Amino acid sequence: RVPDGLFLVYPALRMDSKWYTPSLLYAFDDALLAYSYMKLFLEAYLHDESWGRRDPLISPILADDYLLKQFPPCTIAVGSRDPLRDDCWRLLDRLRNLKRDVELMEFIGLAHGFVL
């Protein structure tokens, strides 16, 4: 059964240490989620990092339109200083282009982990 809705809080949408976005580069040495930590988490999560570059179940931003068209209503929350911010905006754009019910809440000045 498809859930009635999704609330994604600063989601990791692309599990690829070789993919750089402006928000990731801006926060490269972020105190909470520095790139070096992200790389360690990725290595612990995936034994073979190449899966993160091709499997949409690991990197949802790679999902094809057929899968994304099945998404339930979705709200994405992310801070403006979060290294994952740009991929959140990419997912928003993809879902909007597919006429899905999606909203992004950007919290200005906040970094990754602000909900904690």
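**Exercise 1. Is Phe114 buried or exposed, or something in between?**

Solution. Phe114 has a relative accessible area of 24%. Buried means under 20%, exposed means over 50%, and partly exposed is what lies in between (1.4 Å probe, protein chains only). So Phe114 is partly exposed.

Before we go on: this is a predicted model, where local features need pLDDT of at least 70, side-chain atom pairs count only at pLDDT 80 or more, and totals for chains, interfaces and linings use all residues. Residues are numbered from 1 along each chain as its sequence is written, and side-chain values use heavy atoms, with hydrogens and water left out.

**Exercise 2. Find which rings pair up with Phe114.**

Solution. Start with the rule: rings of Phe, Tyr and Trp (its six-membered ring) pair if their centres lie within 6.5 Å; planes under 30 degrees apart are stacked, over 60 edge-to-face, and the rest tilted. The whole structure holds 2 aromatic pairs.

- Tyr10 and Phe114 sit 5.4 Å apart, centre to centre, with 70° between the planes, which makes them edge-to-face.
- Phe107 and Phe114 are 5.0 Å apart, centre to centre, at 45°, so this pair is tilted.

**Exercise 3. Describe the lining of the second largest pocket.**

Solution. First, what's a pocket? On a 1 Å grid over the protein atoms alone, it is an open set of points where a 1.4 Å probe fits, with protein on both sides within 12 Å along at least five of seven lines; lining residues have an atom within 4 Å of a point. Next, count: 13 residues line this one, and Leu13, Pro56, Leu57, Ile58 and Pro60 lie nearest its centre. Last, sort them, with Ala, Val, Leu, Ile, Met, Phe, Trp, Tyr, Cys and Pro as nonpolar, Asp, Glu, Lys and Arg as charged, and the others, Gly among them, as polar. You get 13 nonpolar, no polar and no charged.
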